[in-house]
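Trainee: Could you take me through a close look at this structure, with the cut-offs behind the terms you use? I would like one connected account.

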Amino acid sequence: MMGSENLDSEEAHMYASREEMENLVLDEPSNNNNGTKSFSDYRSAMSSLADTHHPLSSPMAAPADSDPLLTPPPFRDFRNPNVATDNSSYIEPPSYSDVIFSPFDENAVNEINGVDSPGRSSDSSGFLSKSTSSSSDYVKITVSNPQKEQETSNSLVPGGNTYVTYLITTRTNIPGHNGSEFSVRRRFKDVVTLSDRLAESYRGFFIPPRPDKNVVESQVMQKQEFVEQRRVALEKYLRRLAGHPVIRKSDELKVFLQVQGKLPLPTSTDVASRMLDGAVKLPKQLFGESVAVAPHEVVQPAKGARDLLRIFKELKQSMANDWGGSKPPVVEEDKEFLKKKERMHDLEQQLSNASQQAESLVKGQQDMGETMGELGLAFIKLTKFENEEAIFNSQRARAADMKNVATAAVKASRFYRELNAQTVKHLDTLHEYLGLMLSVHGAFSDRSSALLTVQTLISELSSLHLRAEKLEAASSKIFGGDRSRIRKIEELKETIRVTEDAKHVATGEYERIKENNRSELERLGRERRADFLNMLKGFVLNQVGYAEKIANVWAKVAEETSAYTREST
Amino acid sequence: MITVQRSSSGSSHSPRSSSSQPYLSISVTEPVKLGNGVQAYISYRVITKTNFPEYQGPEKIVIRRYSDFVWLRDRLFEKYKGVFIPPLPEKSTVEKFRFSAEFIELRRQALDIFVNRIASHHELQQSEDLRTFLQADEETMERLRSQETGIFKKKPADLMQIFKEMQTRVSDVVLGKEKPVEESNPEYEKLKNYIFELENHLSEAQKHAYRLVKRHKELGQSLSDFGKAAKLLGACEGHALGKAFSDLGTKSETLSVRLQKEAHQLLMNFEEPLKDYVRAVQSIKATIAERANAFRHQCELAETIKLKEINLDKLMLTRSDKVGEAELEYKELKAESEEATRRFENIVRVMNEEIVRFQDQKTQDMGIAFHQFAKGQSRLANNIADAWRSLLPKLEACLS
């Protein structure tokens, strides 16, 4: 790659990666709900951008140019920024930037190289949750080695239905896992299952959103690029899960990461097959037989055909709430919460905006670097030309000046591109938190649906009580009792009891979710403040460091050409 | 504006009436838009300060417009064959309507450089047309300007000359003398190739320089947008973090302004000199064409003379009474031929001097441009570093 590339392919490569980036980056979220879509597009664009930088960080060598000044220096190791390279003209002056480049960037550099950096212990989810992990806790997840596999059973299409599995390797020192390193093979469907089960078990928590399903043609599914994008996305997702203080300890995650062979979690289709049960229940429900909502069911929101009647009731309740007819028995009284909710909404908007502008800033830096590089190249060609054709000393002098400018431009161009790669990694925090907003939405909707369940049960109870009262009143008028009515009253009383229990459980669930919301909000706020401050610091440090480097490069040229200004006046 | 010394090639300065050194310094200033719509144009105030005796006085101010400069350039091109006439900025008709401040300033700068280069050229500075340009009143200038446009304003004798040339060229083609006659001078061939290739390289460099200006503007814009977004985010976050975002946003906006300024500097001091270099090379191409014409003319006359010689000998042998007439014709042609040869050789001589001067000049011009470029980039980077660095103490404090 380095040195032997001829100019045209180098340039073409530059243009290709830029185009690639443009195609992916120009996708803008139209509203917050689409945040994840462009978010993941952006992320993949950024990662491909970061990746393509490696070959480009070698400067363009002019063909057949044996000038030592123009041979590319080896890829600079940030750990030793002052290591003398074999390129003698390229000595890094010690600067502020060298002193304060944090290990954070070292990891970033290694990431570009594709090297696993063991130092990223508590940073398993990247930028986030630096403050969550306790000192010695360590969970590191890697997703690699995508492979095509064949669907063995139920193949409707003979020879069709291939899917991709990924190797998921976990390294951890948390006790309670079998050993410190283990691997499993999982497919994307398994990830969806994991995500669905977590959503059920951890209502009220800010659960990191899983990668999109990407409904595309099976042809596209197989393509290298798509598989790679997905691999990266899966890794990020699993790392975020492992970074969540509560979820990392979940059974679901443990099982996902450890159990070999088929994932032993009920899939969503299994859950949906309860639709069949629901189909049986439905006629009973419709004909008014009082089928109480079983207490164990209220811990989940009503969904699917099995809970048709419950959905119906809750819908009625929510409409009643909206119209403000009868004041719902339990309201969202927590003013604090409502304030926070609004703030979250506001934050999401500003994050989205900032994220977009960060994109355009990155593009601006990218373009600057590219054009500077092209300018340098053009001058290198001119220098060569003048030297070859030189008849007069003035030409040689001019060629020498030009070469200085060209070399500086090429160096500056490289610096801009490195600056940009780092900037991407820093400002990525904005995108990460924007993505997190989805999980906040999820947690808040867990809360409102739990509340709705409680409200519905309360209304239900009050109407049941009313019926019981009526029946009792009617029955007491008949001397000796009305056997059928008495039986009905008994049944009703039973229903009331069950419903009371359900209400109890539902209220308990609601309170639990409320508490989860609260603690998560607090955790989010804490972590976000820390992460953003670190982001700002990293971003600023980065800008300072590279600006200094660029300044030095040009100061040298200014010095070398200073004779001209003295002469002209 | 450059103050120039009068120089005569080789000899020392002759004593002048004034005790100070001879000087001719010109400023093109104060562009003013006149006229409306399609008729709109820009007028400039041209101020001449000199102690040359040929001039009317120590200072003279006239009003000129772009086409006056074109007139001057064309006259010099006609009269001083072989000299690389300084180039003019393009006659862009599209931008004229828009008349952006940048365009006006660039043009003014280029015109200023144009006249001063003429004033500092040892031959051109003595031109009568230059004096006319710098001193004549506006009406005279307008009259002169409208005379010079196009072939239809040429004098009848010139027209005949052109017609004759065309005739010979046509007959040459008809007679099968296909290729136009060219010098077989290897050094000159090399020079021509050099000039043509140089233009390509320079155009490319200039194109990228222009793009670089745009990139500065674009980066400035995105910094401004980013700054605004950061401030809004800061307002949302509040407390220390909010303040940090807000400070970042403010700095970002400051740097945006700085970048726009640098874009302008870059345009004026780096991209424009490169463009000027390209124009200069194109002017040389015009001179090369002139030389080719002169050479062809000389060759044609040489051919014609040979034929006439043969004819004359024939007539002399046959003792024809047409001998006298033929002899006269022959003498005339001989004189013309000698004149053509002289003119051609003069062009060659002048060009050789000019190419040295050109290379020196360009090394100087580009040296200055490179210096400005490097200084500008260095200053910009330092400003950027300083601005961001000023945020660090507070950020450190927040994080500790």
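Mentor: Happy to. Let's begin with T142(A), whose bridge partner in strand 2 of chain A is T169(A). Helices and strands here are DSSP runs numbered from the N terminus, a helix (H or I) having at least four residues and a strand (E) at least two. This is a predicted model, in which local features need pLDDT of at least 70 and side-chain atom pairs count only at pLDDT 80 or more, while totals for chains, interfaces and linings use all residues. Residues are numbered from 1 along each chain as its sequence is written, chains are lettered from A and ligands numbered from 1 in the order in which they are written, and side-chain values use heavy atoms, leaving out hydrogens and water.

Back to the strands. Strand 1 (residues 139-150) of chain A pairs with strand 2 of chain A in the antiparallel sense, over 10 bridges; to pair, two strands need at least two DSSP bridges between them. Strand 2 of chain A is also joined by 7 bridges to strand 3 (residues 181-187) of chain A, again antiparallel. On that side, T165(A) has R187(A) in strand 3 of chain A as its bridge partner. Strand 2 (residues 162-172) of chain A is mostly covered, with 8 of its 11 residues buried. Buried means under 20% relative accessible area, exposed means over 50%, and partly exposed lies in between (1.4 Å probe, protein chains only).

Next, a residue in a helix. V440(A) sits in helix 13 of chain A and counts as buried because its relative accessibility is 3%. Which residues does V440(A) touch, not counting those up to four places away in sequence? They are F206(A), M344(A) and L524(A), where contact means heavy atoms within 4.5 Å. As for L377(A), 63 residues from V440(A) along the chain, the two C-alpha atoms are separated by 49 Å.

Now to where the chains meet: 67 residues of chain A are in contact with 62 residues of chain B. The area buried between chain A and chain B is about 5,900 Å², and carbon and sulfur atoms give 74% of that; buried area is the accessible area (1.4 Å probe) that two parts lose on being put together, summed over both. In chain A, F385(A), R398(A) and L533(A) lose the most area to chain B, together 11% of what that side buries.

The interface of chain A and chain B has 7 salt bridges by the rule, which asks for a side-chain nitrogen of Lys or Arg within 4 Å of a carboxyl oxygen of Asp or Glu. K537(A) and E396(B) form a salt bridge, with their closest N and O atoms 3.4 Å apart. Between chain A and chain B, 15 residue pairs are in polar contact, both residues at pLDDT 80 or more. A polar contact is a pair of N or O atoms within 3.5 Å; within protein, one must be able to donate a hydrogen and the other to accept it, and residues adjacent in sequence count only if both atoms are side-chain atoms. Helix 12 of chain A gives the most to the side of chain A that touches chain B, with 26 residues.

Salt bridges also occur within each chain. Side chains of opposite charge can pair when their charged atoms come close. The structure holds 56 salt bridges over all chains. R523(A) and E527(A) meet in one, at 3.1 Å from N to O; they are about one helical turn apart because they lie 4 residues apart in helix 14 of chain A. R523(A) is buried at 11% relative accessibility, and E527(A) is buried at 5%.

In chain B, D365(B) forms a salt bridge with R117(B), the closest N and O atoms being 3.1 Å apart. This pair links distant parts of the chain, 248 residues apart, with D365(B) in helix 9 (residues 323-389) of chain B and R117(B) in helix 3 (residues 101-120) of chain B. Both D365(B) and R117(B) are buried. E353(B) and R349(B) form a salt bridge at 3.2 Å between their closest N and O atoms; both lie in helix 9 of chain B, 4 residues apart. E353(B) is partly exposed at 37%, as is R349(B) at 43%.
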